[in-house]
Amino acid sequence: MMSLAVVPVVVWVGLFLYLVALDRRVARAQSHVRREDDL
Amino acid sequence: MTSGEAMRGPTGGRTFPVLLQAAVGALMLAGIVAAFAAEPVRNAAGLPAFTMGGHGAKIVFFHVPCAWLAVLAYLVGAIEAVRYLSTCRRAGRRAQAHDERCAAAMEVGLVFGVLATITGSVFSHNEWGMYWSWDPRQTSIVVVLLLFAAYLVLRGAIEDPMMRARISAAYTLVAVVPAMFMIWVLPRLPQIVTLHGGANQAVVGGGLGPGYRLVMYGLLLPAFVGLFAWLIDLRMRVATVEAGNEDEVVLGGMRVGEVSR
(Lines give C-alpha, C1' and ligand atoms only; values in the text may rest on other atoms or scores of the structure.)
Protein backbone atom coordinates (compact mmCIF):
# COMPACT_ATOMS: atom_id res chain seq x y z
CA MET A 1 0.00 0.00 0.00
CA MET A 2 2.81 2.42 0.89
CA SER A 3 4.37 2.09 -2.56
CA LEU A 4 1.14 3.52 -4.00
CA ALA A 5 1.71 6.67 -1.92
CA VAL A 6 4.46 7.70 -4.35
CA VAL A 7 1.86 8.77 -6.94
CA PRO A 8 -0.07 11.31 -4.79
CA VAL A 9 3.17 12.51 -3.19
CA VAL A 10 4.65 13.28 -6.62
CA VAL A 11 1.39 14.90 -7.77
CA TRP A 12 1.22 17.06 -4.63
CA VAL A 13 4.89 18.12 -4.82
CA GLY A 14 4.37 19.09 -8.46
CA LEU A 15 1.19 21.02 -7.66
CA PHE A 16 2.84 22.71 -4.69
CA LEU A 17 5.87 23.83 -6.72
CA TYR A 18 3.52 25.09 -9.44
CA LEU A 19 1.55 27.09 -6.85
CA VAL A 20 4.73 28.60 -5.39
CA ALA A 21 5.93 29.56 -8.89
CA LEU A 22 2.50 31.05 -9.70
CA ASP A 23 2.55 32.97 -6.42
CA ARG A 24 5.94 34.50 -7.23
CA ARG A 25 4.85 35.30 -10.77
CA VAL A 26 1.75 37.14 -9.51
CA ALA A 27 3.89 38.98 -6.92
CA ARG A 28 6.25 40.12 -9.70
CA ALA A 29 3.30 41.28 -11.83
CA GLN A 30 1.89 43.15 -8.81
CA SER A 31 5.16 44.98 -8.17
CA HIS A 32 5.34 45.84 -11.90
CA VAL A 33 1.82 47.36 -11.74
CA ARG A 34 2.76 49.26 -8.55
CA ARG A 35 5.96 50.63 -10.15
CA GLU A 36 3.98 51.91 -13.14
CA ASP A 37 1.48 53.44 -10.75
CA ASP A 38 4.28 55.29 -8.93
CA LEU A 39 5.66 56.62 -12.22
CA MET B 1 -11.88 56.02 -6.84
CA THR B 2 -8.52 57.41 -7.97
CA SER B 3 -6.62 55.78 -10.81
CA GLY B 4 -4.01 54.76 -8.26
CA GLU B 5 -6.59 52.77 -6.31
CA ALA B 6 -7.86 51.14 -9.50
CA MET B 7 -4.34 50.13 -10.53
CA ARG B 8 -3.44 48.75 -7.14
CA GLY B 9 -6.71 46.88 -7.04
CA PRO B 10 -8.67 45.71 -4.04
CA THR B 11 -6.03 44.01 -1.92
CA GLY B 12 -3.21 46.50 -2.22
CA GLY B 13 -0.67 43.75 -2.92
CA ARG B 14 -0.86 41.60 0.23
CA THR B 15 0.90 38.25 -0.10
CA PHE B 16 0.31 34.88 1.53
CA PRO B 17 3.26 34.40 3.96
CA VAL B 18 5.99 32.03 2.77
CA LEU B 19 5.96 30.27 6.15
CA LEU B 20 2.27 29.44 5.72
CA GLN B 21 2.96 28.20 2.19
CA ALA B 22 5.65 25.88 3.57
CA ALA B 23 3.28 24.74 6.34
CA VAL B 24 0.56 23.89 3.80
CA GLY B 25 3.07 21.94 1.70
CA ALA B 26 4.48 20.01 4.67
CA LEU B 27 1.08 19.25 6.28
CA MET B 28 -0.38 17.98 3.02
CA LEU B 29 2.70 15.83 2.36
CA ALA B 30 2.60 14.39 5.88
CA GLY B 31 -1.16 13.84 5.56
CA ILE B 32 -0.81 11.92 2.29
CA VAL B 33 1.90 9.66 3.71
CA ALA B 34 -0.02 9.16 6.99
CA ALA B 35 -3.22 8.35 5.08
CA PHE B 36 -1.46 5.57 3.18
CA ALA B 37 0.33 4.33 6.31
CA ALA B 38 -2.85 4.20 8.43
CA GLU B 39 -4.18 0.76 9.35
CA PRO B 40 -7.18 -0.39 7.27
CA VAL B 41 -10.61 -0.11 8.90
CA ARG B 42 -11.84 -3.40 10.43
CA ASN B 43 -15.16 -4.30 12.01
CA ALA B 44 -15.71 -5.87 15.45
CA ALA B 45 -14.95 -9.32 14.05
CA GLY B 46 -11.57 -8.13 12.76
CA LEU B 47 -12.64 -8.34 9.11
CA PRO B 48 -12.12 -5.47 6.64
CA ALA B 49 -15.06 -3.05 6.95
CA PHE B 50 -14.52 -1.62 3.47
CA THR B 51 -13.35 -2.87 0.08
CA MET B 52 -9.66 -3.17 -0.84
CA GLY B 53 -8.97 -4.94 2.43
CA GLY B 54 -10.38 -2.04 4.47
CA HIS B 55 -8.29 0.60 2.68
CA GLY B 56 -11.33 1.77 0.69
CA ALA B 57 -12.35 4.07 3.56
CA LYS B 58 -9.23 6.17 3.23
CA ILE B 59 -10.62 8.36 0.47
CA VAL B 60 -12.63 10.16 3.18
CA PHE B 61 -9.33 11.81 4.20
CA PHE B 62 -9.58 13.84 1.01
CA HIS B 63 -13.31 13.72 0.25
CA VAL B 64 -14.52 15.12 3.59
CA PRO B 65 -12.14 18.16 3.72
CA CYS B 66 -13.09 19.03 0.12
CA ALA B 67 -16.80 18.90 0.98
CA TRP B 68 -16.26 20.97 4.13
CA LEU B 69 -14.29 23.58 2.18
CA ALA B 70 -17.13 23.90 -0.33
CA VAL B 71 -19.40 24.76 2.62
CA LEU B 72 -16.77 27.07 4.13
CA ALA B 73 -16.45 28.84 0.76
CA TYR B 74 -20.18 29.46 0.71
CA LEU B 75 -20.09 30.88 4.25
CA VAL B 76 -17.07 33.10 3.44
CA GLY B 77 -18.86 34.27 0.28
CA ALA B 78 -22.02 35.11 2.26
CA ILE B 79 -20.07 37.00 4.95
CA GLU B 80 -18.18 38.98 2.31
CA ALA B 81 -21.46 39.69 0.49
CA VAL B 82 -22.93 41.18 3.71
CA ARG B 83 -19.74 43.20 4.25
CA TYR B 84 -19.85 44.44 0.66
CA LEU B 85 -23.51 45.49 0.87
CA SER B 86 -22.90 47.30 4.16
CA THR B 87 -19.91 49.26 2.77
CA CYS B 88 -20.80 49.72 -0.91
CA ARG B 89 -22.31 53.17 -0.37
CA ARG B 90 -18.81 54.41 0.39
CA ALA B 91 -17.36 53.19 -2.92
CA GLY B 92 -13.71 52.47 -2.38
CA ARG B 93 -11.03 49.85 -2.22
CA ARG B 94 -12.44 48.21 0.91
CA ALA B 95 -15.89 47.57 -0.61
CA GLN B 96 -14.22 46.37 -3.82
CA ALA B 97 -12.06 43.98 -1.78
CA HIS B 98 -15.18 42.43 -0.16
CA ASP B 99 -16.70 41.87 -3.60
CA GLU B 100 -13.48 40.34 -4.96
CA ARG B 101 -13.11 38.08 -1.90
CA CYS B 102 -16.71 36.91 -2.27
CA ALA B 103 -16.06 36.06 -5.94
CA ALA B 104 -12.78 34.32 -5.09
CA ALA B 105 -14.47 32.24 -2.38
CA MET B 106 -17.23 31.17 -4.77
CA GLU B 107 -14.72 30.21 -7.49
CA VAL B 108 -12.52 28.22 -5.10
CA GLY B 109 -15.65 26.71 -3.52
CA LEU B 110 -16.77 25.41 -6.90
CA VAL B 111 -13.36 23.76 -7.41
CA PHE B 112 -13.48 22.02 -4.02
CA GLY B 113 -17.14 21.08 -4.59
CA VAL B 114 -16.19 19.37 -7.86
CA LEU B 115 -13.29 17.58 -6.11
CA ALA B 116 -15.67 16.40 -3.36
CA THR B 117 -18.08 15.10 -6.01
CA ILE B 118 -15.34 13.22 -7.89
CA THR B 119 -13.82 11.64 -4.75
CA GLY B 120 -17.33 10.78 -3.50
CA SER B 121 -18.12 9.07 -6.80
CA VAL B 122 -14.97 6.95 -6.55
CA PHE B 123 -15.96 5.89 -3.02
CA SER B 124 -19.51 5.21 -4.22
CA HIS B 125 -18.20 3.02 -7.05
CA ASN B 126 -15.94 1.01 -4.72
CA GLU B 127 -18.38 0.56 -1.85
CA TRP B 128 -21.87 0.72 -3.36
CA GLY B 129 -21.19 -0.58 -6.87
CA MET B 130 -21.91 2.52 -8.97
CA TYR B 131 -20.44 5.94 -9.46
CA TRP B 132 -23.77 7.76 -9.18
CA SER B 133 -27.06 6.66 -7.64
CA TRP B 134 -28.88 9.98 -7.00
CA ASP B 135 -28.50 9.46 -3.29
CA PRO B 136 -29.94 12.52 -1.41
CA ARG B 137 -26.44 13.70 -0.55
CA GLN B 138 -25.27 13.29 -4.15
CA THR B 139 -28.35 15.20 -5.33
CA SER B 140 -27.69 17.97 -2.81
CA ILE B 141 -24.07 18.42 -3.98
CA VAL B 142 -25.32 18.77 -7.58
CA VAL B 143 -27.69 21.56 -6.50
CA VAL B 144 -24.88 23.25 -4.55
CA LEU B 145 -22.54 23.02 -7.56
CA LEU B 146 -25.26 24.56 -9.75
CA LEU B 147 -25.67 27.41 -7.24
CA PHE B 148 -21.91 28.05 -7.37
CA ALA B 149 -21.89 27.91 -11.18
CA ALA B 150 -24.93 30.22 -11.46
CA TYR B 151 -23.04 32.80 -9.38
CA LEU B 152 -20.14 32.76 -11.83
CA VAL B 153 -22.46 32.91 -14.87
CA LEU B 154 -24.37 35.82 -13.31
CA ARG B 155 -21.14 37.63 -12.52
CA GLY B 156 -19.81 37.13 -16.02
CA ALA B 157 -23.02 38.46 -17.58
CA ILE B 158 -22.94 41.95 -16.01
CA GLU B 159 -20.39 44.46 -17.31
CA ASP B 160 -20.93 47.42 -14.99
CA PRO B 161 -18.64 46.71 -11.97
CA MET B 162 -20.90 48.36 -9.37
CA MET B 163 -24.04 46.64 -10.62
CA ARG B 164 -22.15 43.33 -10.92
CA ALA B 165 -20.91 43.56 -7.34
CA ARG B 166 -24.33 44.43 -5.90
CA ILE B 167 -26.30 41.78 -7.80
CA SER B 168 -23.63 39.13 -7.11
CA ALA B 169 -23.70 39.92 -3.39
CA ALA B 170 -27.52 39.80 -3.33
CA TYR B 171 -27.48 36.46 -5.20
CA THR B 172 -24.96 35.01 -2.75
CA LEU B 173 -27.19 35.89 0.19
CA VAL B 174 -30.30 34.50 -1.49
CA ALA B 175 -28.54 31.30 -2.63
CA VAL B 176 -26.92 30.58 0.73
CA VAL B 177 -30.32 29.59 2.16
CA PRO B 178 -31.09 26.70 -0.26
CA ALA B 179 -27.38 25.73 -0.26
CA MET B 180 -27.29 25.29 3.52
CA PHE B 181 -30.65 23.52 3.43
CA MET B 182 -29.37 21.05 0.85
CA ILE B 183 -26.17 20.40 2.81
CA TRP B 184 -27.28 20.39 6.45
CA VAL B 185 -31.02 19.74 6.53
CA LEU B 186 -32.20 17.60 3.60
CA PRO B 187 -29.84 14.60 4.03
CA ARG B 188 -30.67 14.48 7.77
CA LEU B 189 -34.46 14.39 7.49
CA PRO B 190 -35.72 11.14 9.11
CA GLN B 191 -37.86 10.19 6.10
CA ILE B 192 -34.87 10.45 3.72
CA VAL B 193 -33.18 7.15 2.94
CA THR B 194 -29.51 7.71 2.17
CA LEU B 195 -26.52 5.47 1.58
CA HIS B 196 -24.43 7.88 3.64
CA GLY B 197 -26.27 6.64 6.75
CA GLY B 198 -27.05 9.97 8.41
CA ALA B 199 -24.96 12.80 9.75
CA ASN B 200 -21.28 12.75 8.81
CA GLN B 201 -20.98 9.03 9.29
CA ALA B 202 -17.35 9.09 8.19
CA VAL B 203 -16.41 11.24 11.15
CA VAL B 204 -19.12 11.16 13.81
CA GLY B 205 -19.88 7.69 15.06
CA GLY B 206 -18.83 6.11 11.78
CA GLY B 207 -16.18 3.90 13.30
CA LEU B 208 -13.11 5.97 12.51
CA GLY B 209 -10.46 5.34 15.14
CA PRO B 210 -8.27 7.94 16.89
CA GLY B 211 -5.47 7.41 14.34
CA TYR B 212 -7.81 8.30 11.48
CA ARG B 213 -9.10 11.33 13.37
CA LEU B 214 -5.53 12.51 13.94
CA VAL B 215 -4.73 12.28 10.22
CA MET B 216 -8.00 14.02 9.33
CA TYR B 217 -8.09 16.79 11.95
CA GLY B 218 -4.37 17.14 12.73
CA LEU B 219 -2.90 17.03 9.23
CA LEU B 220 -5.24 17.10 6.27
CA LEU B 221 -7.98 19.46 7.44
CA PRO B 222 -5.48 22.23 8.40
CA ALA B 223 -3.60 21.59 5.14
CA PHE B 224 -6.79 21.93 3.07
CA VAL B 225 -7.92 25.07 4.97
CA GLY B 226 -4.46 26.59 4.39
CA LEU B 227 -4.63 25.69 0.69
CA PHE B 228 -8.10 27.26 0.52
CA ALA B 229 -6.82 30.52 2.09
CA TRP B 230 -3.79 30.52 -0.22
CA LEU B 231 -5.92 30.05 -3.35
CA ILE B 232 -8.28 32.85 -2.31
CA ASP B 233 -5.31 35.14 -1.64
CA LEU B 234 -3.81 34.24 -5.03
CA ARG B 235 -7.13 34.87 -6.80
CA MET B 236 -7.45 38.26 -5.09
CA ARG B 237 -3.94 39.24 -6.20
CA VAL B 238 -4.62 38.15 -9.76
CA ALA B 239 -7.66 40.48 -9.62
CA THR B 240 -5.27 43.23 -8.50
CA VAL B 241 -3.02 42.70 -11.52
CA GLU B 242 -6.04 42.46 -13.82
CA ALA B 243 -7.38 45.76 -12.46
CA GLY B 244 -4.02 47.35 -13.28
CA ASN B 245 -3.95 45.89 -16.78
CA GLU B 246 -7.53 46.98 -17.48
CA ASP B 247 -6.52 50.51 -16.57
CA GLU B 248 -3.60 50.25 -19.01
CA VAL B 249 -5.89 48.93 -21.76
CA VAL B 250 -8.36 51.79 -21.24
CA LEU B 251 -5.58 54.39 -21.25
CA GLY B 252 -3.87 52.68 -24.20
CA GLY B 253 -7.06 52.64 -26.25
CA MET B 254 -7.76 56.34 -25.62
CA ARG B 255 -6.76 58.74 -28.33
CA VAL B 256 -4.76 61.91 -27.50
CA GLY B 257 -7.72 64.11 -28.44
CA GLU B 258 -9.98 62.24 -26.00
CA VAL B 259 -7.47 62.71 -23.20
CA SER B 260 -7.17 66.46 -23.76
CA ARG B 261 -10.95 66.79 -23.89
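Me: What does Trp230(B) touch, leaving out residues up to four places away in sequence?
Reply: In this predicted model, Trp230(B) touches residues of both chains, namely Phe16(A), Leu19(A), Val20(A) and Asp23(A) from chain A, together with Phe16(B), Gln21(B) and Val24(B) from chain B.

Me: And which residues touch the most other members of the largest nonpolar core?
Reply: That core has 68 residues, and those touching the most other members are Met28(B), Tyr74(B), Phe112(B), Phe148(B), Leu227(B) and Trp230(B).

Me: Which helices each supply at least two residues of this core?
Reply: Chain A contributes through helix H1 (6-38), while in chain B the helices are H2 (18-37), H3 (60-87), H4 (93-128), H5 (136-157), H6 (161-185) and H7 (210-253), each of them supplying at least two residues.

Me: Which one gives the most?
Reply: H7(B) does, with 13 residues of this core.

Me: Switching to packing, at what angle do H3(B) and H4(B) pack?
Reply: The angle is about 160 degrees, and their axes are 7 Å apart. Angles over 145 degrees count as roughly antiparallel, so H3(B) and H4(B) are roughly antiparallel to each other. Their crossing is left-handed, and by class the contact of H3(B) with H4(B) has 16 nonpolar, eight polar and four charged residues.

Me: What about H5(B) and H6(B), what is their angle?
Reply: H5(B) and H6(B) pack at about 180 degrees with their axes 10 Å apart, and they are therefore roughly antiparallel to each other.

Me: Which residues make that contact?
Reply: From H5(B) they include Val143(B), Val144(B), Leu147(B) and Tyr151(B), and from H6(B) they include Ile167(B), Tyr171(B), Ala175(B) and Met182(B). Arg137(B) and Arg155(B) of H5(B) and Arg164(B) of H6(B) also take part in the contact. By class, the contact of H5(B) with H6(B) has 13 nonpolar, three polar and three charged residues.

Me: How do H3(B) and H5(B) cross, left-handed or right-handed?
Reply: H3(B) passes H5(B) in a left-handed crossing, where the axes come within 12 Å and cross at roughly 40 degrees. Angles under 35 degrees count as roughly parallel, and at roughly 40 degrees H3(B) and H5(B) are therefore oblique to each other.

Me: Which residues meet there?
Reply: Ala70(B), Ala73(B) and Tyr74(B) of H3(B) meet Val144(B), Leu147(B) and Phe148(B) of H5(B). The residues of this contact of H3(B) with H5(B) divide into six nonpolar, no polar and no charged. Tyr74(B) and Phe148(B) are also among the residues touching the most other members of the largest nonpolar core.

Definitions and conventions
Residues are numbered from 1 along each chain as its sequence is written. Chains are lettered from A and ligands numbered from 1 in the order in which they are written. This is a predicted model: local features need pLDDT of at least 70, side-chain atom pairs count only at pLDDT 80 or more; totals for chains, interfaces and linings use all residues. Side-chain values use heavy atoms; hydrogens and water are left out. A nonpolar core is a set of buried Ala, Val, Leu, Ile, Met, Phe, Trp, Tyr and Cys residues joined through side-chain atoms within 4.5 Å. Buried means under 20% relative accessible area, exposed over 50%, partly exposed in between (1.4 Å probe, protein chains only). Helices (H or I, at least four residues) and strands (E, at least two) are DSSP runs, numbered from the N terminus. Contact means heavy atoms within 4.5 Å. Axes are lines fitted to C-alpha atoms, for helices over the stretch in contact, and angles run from 0 to 180 degrees between N-to-C directions. Angles under 35 degrees count as roughly parallel, over 145 as roughly antiparallel, 65 to 115 as roughly perpendicular and the rest as oblique. A crossing is left-handed if the near helix is turned anticlockwise from the far one by less than a right angle, and right-handed if clockwise. Ala, Val, Leu, Ile, Met, Phe, Trp, Tyr, Cys and Pro count as nonpolar, Asp, Glu, Lys and Arg as charged, and the others, Gly among them, as polar.
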